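Biologist: Could you walk me through this one? I'd like to go through a few spots on the chain.

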Amino acid sequence: MEKTFQSRCVKENTPRIEELISLRQRQAEILGYPTHAAFVQEVKMAKNPETVRKFLSDLNAKLQVLWSKEKKSMLDMKKSESEELGIEFNGKIAKEDFWYYANQVEKKNYSVDKEKLKEYFPLETVTRGMLEIYQRILGLKFTKLEDGEVWQDDVSLYQVDDKATGENLGYFFMDLHPRDGKYGHAAMWDLQPGSLDRFGTRQKSVAAMVCNFPKPSADRPALLEHGEVSTFFHEFGHVMHGICSRTNISTFAGTNVEGTEQDFIEAPSQMLEN
């Protein structure tokens, strides 16, 4: 079933992909590069395919040690369940098995109950703590604007100032709850870069963070999974990247992929989520 799903339109798409690879190679050679990978890596942090290859090779060797132990735990559980249910054990962890057994390993080997863990992460507490952490680390002051113009009642607007100088750096919107017609994942968008405008005056950075966290009810707080907490910190890291960016040209501001190395864009948010 998985193979069939992943092979949709394979007949139609294969010749197109082959043509794309051929054209990319031709483009690279015309521009004096041995491969397309060498061409695109030159303007990224890695600079060349050899660096990428070495990084992945070294990482793979380290991860294999961990994976061999985790895989054995999963296979032992699958074998035990197969015998209990009277079904054949094939000795493999398929894609559809992975997250089920990963969750079982956490529960049985490490006593991690994700539902119980959520009780430690009420959305209101996480939001307050996250904002305090970012203000302290980056030397900023966030002020919630109660009369701010927003596109929906659940959306909040904050002003960002430099704590030391009092300078207003910009603003960010937080749109945290799901609703009909809303973007279904977590993301951040730069609405206005903090670069110079056509008159040479620095604009205020404006960013929006969109998530789909549960909404609290009258008698129950909204609780986050640990992964959602990481997502929250991650996306807000993008917000701070945009707000704190001080460039003269908008192309190089914040998370703009045209001016920022694409393998750097995730770096600030990944560092700040930890």
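Modeller: Helices (H or I, at least four residues) and strands (E, at least two) are DSSP runs, numbered from the N terminus. This is a predicted model, where local features need pLDDT of at least 70, side-chain atom pairs count only at pLDDT 80 or more, and totals for chains, interfaces and linings use all residues. Residues are numbered from 1 along each chain as its sequence is written, and side-chain values use heavy atoms, with hydrogens and water left out.

Biologist: Which helix holds leucine 59, and is leucine 59 buried or exposed, or something in between?

Modeller: Buried means under 20% relative accessible area, exposed over 50%, and partly exposed in between (1.4 Å probe, protein chains only). Leucine 59 sits in α4, residues 49-85. With a relative accessible area of 34%, leucine 59 is partly exposed.

Biologist: What is phi of lysine 47?

Modeller: Lysine 47 is in the loop between α3 (36-41) and α4. Its relative accessibility is 45%, so lysine 47 counts as partly exposed. Lysine 47 isn't a glycine, yet its phi is positive, near 75°.

Biologist: And what is phi of serine 111?

Modeller: Look in the loop between α5 (95-110) and α6 (114-117) for serine 111. Serine 111 has a relative accessible area of 64%, so it is exposed. Again not a glycine, serine 111 has a positive phi of about 55°.

Biologist: What separates the C-alpha atoms of cysteine 9 and aspartate 162?

Modeller: Cysteine 9 lies in the loop between α1 (2-6) and α2 (10-30). Along the chain, cysteine 9 and aspartate 162 are 153 residues apart, and their C-alpha atoms are separated by 53 Å.
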